[in-house]
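Please find below some brief notes for a reader who is new to protein structures.

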Amino acid sequence: MVMTSGYHGESTMLTLTFNGHPRQLDNIPAQTTALALLRDRFATCGTKEGCASGDCGACTIAIGTRDDAGHLHYHGANACILPAHQLQGCHVVTVEGLAHGDGLHPVQQAMVDHHGSQCGFCTPGIVMSLFCLDHERRHHGLDSPPDDDTIDAALGGNLCRCTGYRAIRDAARAMHALPSPVSDDTVDIAPAARSTTDGFYRPESRRELITLLSQHPQARLIAGGTDLMLEHTLALKPLPELIDLSSVAELKHIKEEKSGWWIGAGVTYHQLTSLLAEHYPAFHTLLERLGSQQIRHRATLAGNLANASPIGDTPPILLALGARLRINGIRGAREVFIDDFFTGYRRTVLTEGEYLDAIYLPRLRNGEQLLAWKLSKRRDDDISAVMLALRTVIGEDGRLHEVRVACGGMAETSQRARHVEAALEGQVLDDEVLNDACNALAEDFSPIDDVRASRDYRLAGAAGLLARACHRLTSRHDAIPMTLEEV
């Protein structure tokens, strides 16, 4: 087990509500995780550490915020990779805070009734994921059991090694029929105090952010933290100074223009769901396999680009779309095309004092197609071994035009497949054209062997995805969005 409870570096004030009670703490270093806070400072050890990387869900907690009507809404988060200071002004609920007196919460009671726990290590995280699901369904007046897809989505970020999932799914179906829990709408959420000491900085405007970048050039930028925090929890590297982008007002908006949308760097994947579902169905379907609900409620599109991982799920899609990026910082704002953003393994054109401000998604025109698939070892909450995205226009003569193909997991960066594009451009798809395009993959990429896949598997996998895309383009059903089984 990786221990994440060490305290080093500068400290800041933290104000939050914990299981219904206001708490205010100081001497909380910038790199402290929510899990370390719960177990070391609050001495509440129901929340467990399993993987320290946001994969197993044993550390899932519920984070509550109020909507405009004053109602509390919760989302699950992986406490092991969540910076504690991002809990500022939130209502944090753990498994210790669910029961009232001798009465168990309906989720807990359903787990007992249906024997949903064995060793118990993963159980608190599972209970908290189901708590979030149960809370939202009761809030919306849904009095029927959730269907299998809803249950699977809620538990996609939770692993259980010994009980098996049948009993847990039975509990998820039964929890709605139990009496409603005590309402938490009367809980007073402690106001978020402005931090005044060094270490963790939470600017609330673009101007404050740029000032902090000039004052703290060595500070790391963090939004969801679902990748950056692994440097601390797994690699045990210090993160003494962090600038948090999640509270910058200008970065939290989606701005529609005539030809597309600007997505602010603080917009989470969850907040993108409705836009993608309406305008980019292939992207939306892929999003359901990007991490888990715990991850998608915290992670951002900008973060997936800025960390420049060659196996990130979204860069190939953005490359296929021809997205533009707005960069801002101490020297002013500039725009770059995504084709020019990645400069090497985990390297980008961002310089000291700059940050990724927003991503522009161009609107798909009439007749334009976007397709995307990933290969991974498991369906939920897994990193791509190979990712492929294709965007094109099919002319009235059946020829492909403006072809853009991009792959992830095939090189040190996500990148376009220029030879594949050339093999497809202006062509009517047939077996010979497809064969030429698949063969061209070896001209564009020379992938490596690693723990996720071999070179040969990656080339064969990419060829398979490309063939699937081409067959989809020529199918009579090409306008029908992909189902999860097809991804």
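**Notes on a helix and its aromatic contacts**

1. Ala43 comes after helix H1, and its phi is positive, near 55°. The model in which this is seen is a predicted one.

2. Helix H1 itself covers residues 34-41, and within this helix Ala34, Leu35, Ala36, Leu37 and Leu38 are buried. An α-helix has 3.6 residues a turn, so residues three or four places apart point the same way.

3. The structure contains five aromatic pairs. One of these is formed by Phe18 and Phe42, a tilted pair with 4.6 Å from centre to centre and 40° between the planes. Phe18 belongs to strand E1 (residues 11-18), while Phe42 is in the loop between H1 and strand E3 (60-66), so this pair ties together parts that are 24 residues apart in sequence. Both Phe18 and Phe42 are buried.

4. Trp262 and Tyr360 also form a tilted aromatic pair, with 5.0 Å from centre to centre and 55° between the planes. Because Trp262 lies in strand E10 (residues 260-264) and Tyr360 in strand E15 (residues 354-362), the pair ties together parts that are 98 residues apart in sequence. Trp262 and Tyr360 are both buried.

5. Which residues lie over the faces of Tyr360 and Trp262? Arg324 lies over the face of Tyr360, at 4.5 Å from the ring centre. Over the face of Trp262 lies Arg326, at 4.6 Å from the ring centre.

Definitions and conventions: Residues numbered from 1 in each chain as written. Predicted model: local features only at pLDDT ≥ 70, side-chain atom pairs only at ≥ 80, totals over all residues. Heavy atoms only, no water. Buried < 20%, exposed > 50% of the residue type's maximum accessible area, 1.4 Å probe, protein only. Helix = DSSP H or I, 4+ residues; strand = E, 2+ residues; numbered from the N terminus. Phe/Tyr/Trp six-rings, centres within 6.5 Å; stacked < 30°, edge-to-face > 60°. Lys NZ or Arg CZ within 6 Å of the ring centre and 35° of its normal.
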